[in-house]
Amino acid sequence: MTQCTCVVGLQWGDEAKGKIVDLLAEEHDIVVRFNGGANAGHTVVADGRVHKLSLIPTGILRSEVTSVIANGVVIYPPRFLEEVAQLEASGIIVGQRLLVSDRAHVIFPYHLEEEKAGAGCAAEVIGTTGRGVGPCYQDKVGRISAIRVAELLDADHLRRRLEEIVPRKNRLLQALGAGTSMFCAEELACEYAAYGERMRSYVADTVRYLHQALQQGRRILFEAAQGTLLDVDHGTYPFVTSSHSSAAGLWSGSGVPATRVGRIVGVVKAYSTRVGAGPFPTELDDAIGEKIRQTGREYGTVTGRPRRCGWFDAVAVRYAAAVSGATELAVMLLDVLSELEQVAIGVAYELDGERIDYMPATSVQLARCRPVLEWLPGWKRDLGSVRRPEDLPGAARRYLDRLSQLVGLPVRLASVGPDRRQTIRW
Ligand code: GDP
Ligand code: IMO
Ligand code: MG
């Protein structure tokens with residue numbers, strides 16, 4: 001048994017990481033979110049109830065687990081407080097089981113405005129989620145205008161910082177053509193100091209906490225948001241998110257060295273989806289794509305947008321598995337393909353008349369790639385009640401075997417429905 005495990009998406013997000021984190025949380029003491037913010041939407045169906053988590057780690061659903069929002073996450077305080085209140089209203093006691101890093105960065109309303117201000121903004125070009133995540137990370141890297149959670153706890157200091165930052169932000173927004181959205185430093189300082197007071201009991205030095213936990217032999221599960229193909233360095237840039245959403249983000253985003261992590265579960269759908277803009281070689285813009293969207297209820301948890309659907313892309317997943325260091329695969333939503341006569345897998349690309357088996361460097365090239373498809377027979381059987389590998393139809397087993405062979409990793413888990421119990425383990 002390894003002390004630390006990471007759950008990471010190997011596609012463009014929404015691979016059903018939430019379901020896997022919830023399952024594995026049972027065997028862990030601590031669950032850590034290390035990247036992104038409320039752009040994530042993780043759904044868990046447990047005992048007939050649907051739980052939707054955005055900023056708070058999925059571990060919060062397990063009463064014995066401590067959840068940690070680590071330094072790499074960006075936090076919009078009103079959203080954080082709302083999510084805590086929603087959880088408590090549904091009977092989940094948050095209390096001392098949730099820690100928020102004092103080094104995490106804070107999203108302000110001007111970040112939300114920046115994201116959507118003016119022609120050619122990120123919301124328009126990339127199809128971002130509108131949660132202010134990108135502009136907040138921009139400020140973090142720029143250093144001059146960023147505010148960390150610890151700074152919310154000192155009202156005088158916070159006011160001084162905002163008196164410097166807000167006029168700059170107002171000038172920027174005006175230049176971008178969002179002139180009506182002017183902010184007042186004093187008002188924001190009061191509002192955010194009040195959030196700070198309401199968050200105070202959760203704020204901690206989470207790096208120290210996690211290192212002490214490691215020394216005590218406690219087991220830690222890391223929950224990546226988004227997916228490896230949306231990673232700011234390794235994804236389909238610029239159609240990516242602004243954080244390290246591959247397993248690479250774990251080290252910088254939590255302060256726990258990756259050398260401590262023995263198991264990396266790469267989560268994939270049995271097909272592919274993508275929300276927002278960007279190249280997607282195996283996309284199905286036809287009746288099969290629509291069928292997958294309807295059967296899989298492929299509409300975004302955060303924005304409600306229809307997700308683009310397509311065949312499993314083994315080239316992209318093999319690349320993502322390598323970048324994230326995945327040690328095994330969890331193949332999710334296998335049941336969604338059950339009604340199809342035949343299923344296809346993208347096994348290579350054709351780029352400018354040449355067959356390639358790797359992801360090209362640029363999104364311009366990837367957009368020119370045509371998928372080389374391999375067809376396999378469908379299984380035409382409802383899988384919702386299958387619980388053991390030997391009860392899977394032969395065609396479904398052969399499909400999983402082929403995915404495993406193409407990606408080069410063993411399939412240790414397959415999911416045949418949203419519920420915790422609809423899971424097959426090897
Ligand atoms: P995440 O962001 O990676 O956690 O994934 P999302 O929660 O955004 O999207 C996955 C969706 O698929 C959720 O609505 C889950 O309840 C649902 N889901 C998870 N596993 C399965 C499965 O095996 N079959 C089906 N049909 N739905 C599933
Ligand atoms: P989970 O954790 C799917 C996508 C957005 C957009 C791009 C950048 O639920 O898998 P951002 O708001 O992050 O600047 O948007 O990334 N995106 C996601 N797609 N699942 C997510 O999270 C996503 N988070 C961001 O649609 O294309
Ligand atoms: Mg999601």
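Trainee: Which helix is Gly-142 found in?
Mentor: Gly-142 is found in helix H5, which covers residues 133-142. Keep in mind that this is a predicted model.

Trainee: Is Gly-142 buried, partly exposed or exposed?
Mentor: Gly-142 counts as partly exposed, because its relative accessibility is 35% and buried would mean under 20%.

Trainee: And how many Å separate the C-alpha atoms of Gly-142 and Pro-360?
Mentor: Those two C-alpha atoms are separated by 29 Å. Along the chain, Gly-142 and Pro-360 are 218 residues apart.

Trainee: Let's go to H3. How many of its residues are buried?
Mentor: In H3, 7 of the 8 residues are buried, so the helix is mostly covered. Pro-109, Tyr-110, His-111 and Leu-112 are buried, and so are Glu-113, Glu-114 and Glu-115.

Trainee: What covers the buried residues of H3?
Mentor: The cover includes strand S8 (105-106) and helix H4 (122-125). H5, H6 and H7 are also included.

Trainee: What about the residue Gly-118, what is its phi?
Mentor: Gly-118 follows H3, and its phi is positive, near 85 degrees.

Trainee: Which residues other than glycine have a positive phi?
Mentor: Ala-16 is one of them, with phi near 80 degrees. Lys-380 is another, with phi near 50 degrees.

Trainee: Where are Ala-16 and Lys-380 found?
Mentor: Ala-16 is in the loop between S1 and H1. Lys-380 is in the loop between strand S18 (370-377) and helix H13 (394-407). Ala-16 counts as partly exposed at 23% relative accessibility, and Lys-380 is partly exposed with a relative accessible area of 47%.

Trainee: New topic, the magnesium ion. Which residues are its protein donors?
Mentor: The protein donors of the magnesium ion (ligand 3) are Asp-14, through OD, and Gly-41, through O.

Trainee: Where in the chain do Asp-14 and Gly-41 sit?
Mentor: Asp-14 is in the loop between strand S1 (4-9) and helix H1 (17-25). Gly-41 is in the loop between strand S2 (30-33) and strand S3 (42-46). The two are 27 residues apart, and the pair links distant parts of the chain.

Trainee: Now rings. How many aromatic pairs are there in the whole structure?
Mentor: A search of the whole structure finds 9 aromatic pairs. One of them is the pair of Trp-12 and Phe-280, which is tilted. Their centres are 5.2 Å apart, with 50 degrees between the planes.

Trainee: Where are Trp-12 and Phe-280?
Mentor: Trp-12 is in the loop between S1 and H1. Phe-280 is in the loop between strand S12 (272-274) and helix H10 (287-295). This pair links distant parts of the chain, 268 residues apart. Trp-12 is buried, with a relative accessible area of 3%, and Phe-280 is buried at 7%.

Trainee: What kind of pair do Tyr-110 and Phe-183 form?
Mentor: Tyr-110 and Phe-183 form an edge-to-face pair, 6.2 Å centre to centre, with 75 degrees between the planes. Tyr-110 lies in helix H3 and Phe-183 in the loop between H6 and H7, so the pair ties together parts 73 residues apart in sequence. Tyr-110 is buried at 1% relative accessible area, and Phe-183 counts as buried at 19%.

Trainee: Which residues form the aromatic cluster?
Mentor: Phe-108, Tyr-110, Phe-183, Tyr-192 and Tyr-195 form one aromatic cluster.

Trainee: Last one, how do H2 and H7 pack?
Mentor: H2 (residues 77-89) and H7 (residues 185-199) pack at an angle of about 35 degrees, with their axes 10 Å apart. Their crossing is left-handed. Pro-77, Pro-78, Phe-80 and Leu-81 in H2 meet Tyr-192, Tyr-195, Arg-198 and Met-199 in H7. The residues of this contact divide into 7 nonpolar, no polar and 1 charged.

Notes: Residues are numbered from 1 along each chain as its sequence is written. Chains are lettered from A and ligands numbered from 1 in the order in which they are written. This is a predicted model: local features need pLDDT of at least 70, side-chain atom pairs count only at pLDDT 80 or more; totals for chains, interfaces and linings use all residues. Side-chain values use heavy atoms; hydrogens and water are left out. Axes are lines fitted to C-alpha atoms, for helices over the stretch in contact, and angles run from 0 to 180 degrees between N-to-C directions. Helices (H or I, at least four residues) and strands (E, at least two) are DSSP runs, numbered from the N terminus. A crossing is left-handed if the near helix is turned anticlockwise from the far one by less than a right angle, and right-handed if clockwise. Contact means heavy atoms within 4.5 Å. Ala, Val, Leu, Ile, Met, Phe, Trp, Tyr, Cys and Pro count as nonpolar, Asp, Glu, Lys and Arg as charged, and the others, Gly among them, as polar. Donors are N, O and S atoms within 2.8 Å of the metal (3.2 Å for Na, K and Ca); water is not among the atoms, so sites may look incomplete. Rings of Phe, Tyr and Trp (its six-membered ring) pair if their centres lie within 6.5 Å; planes under 30 degrees apart count as stacked, over 60 as edge-to-face and the rest as tilted. Buried means under 20% relative accessible area, exposed over 50%, partly exposed in between (1.4 Å probe, protein chains only).
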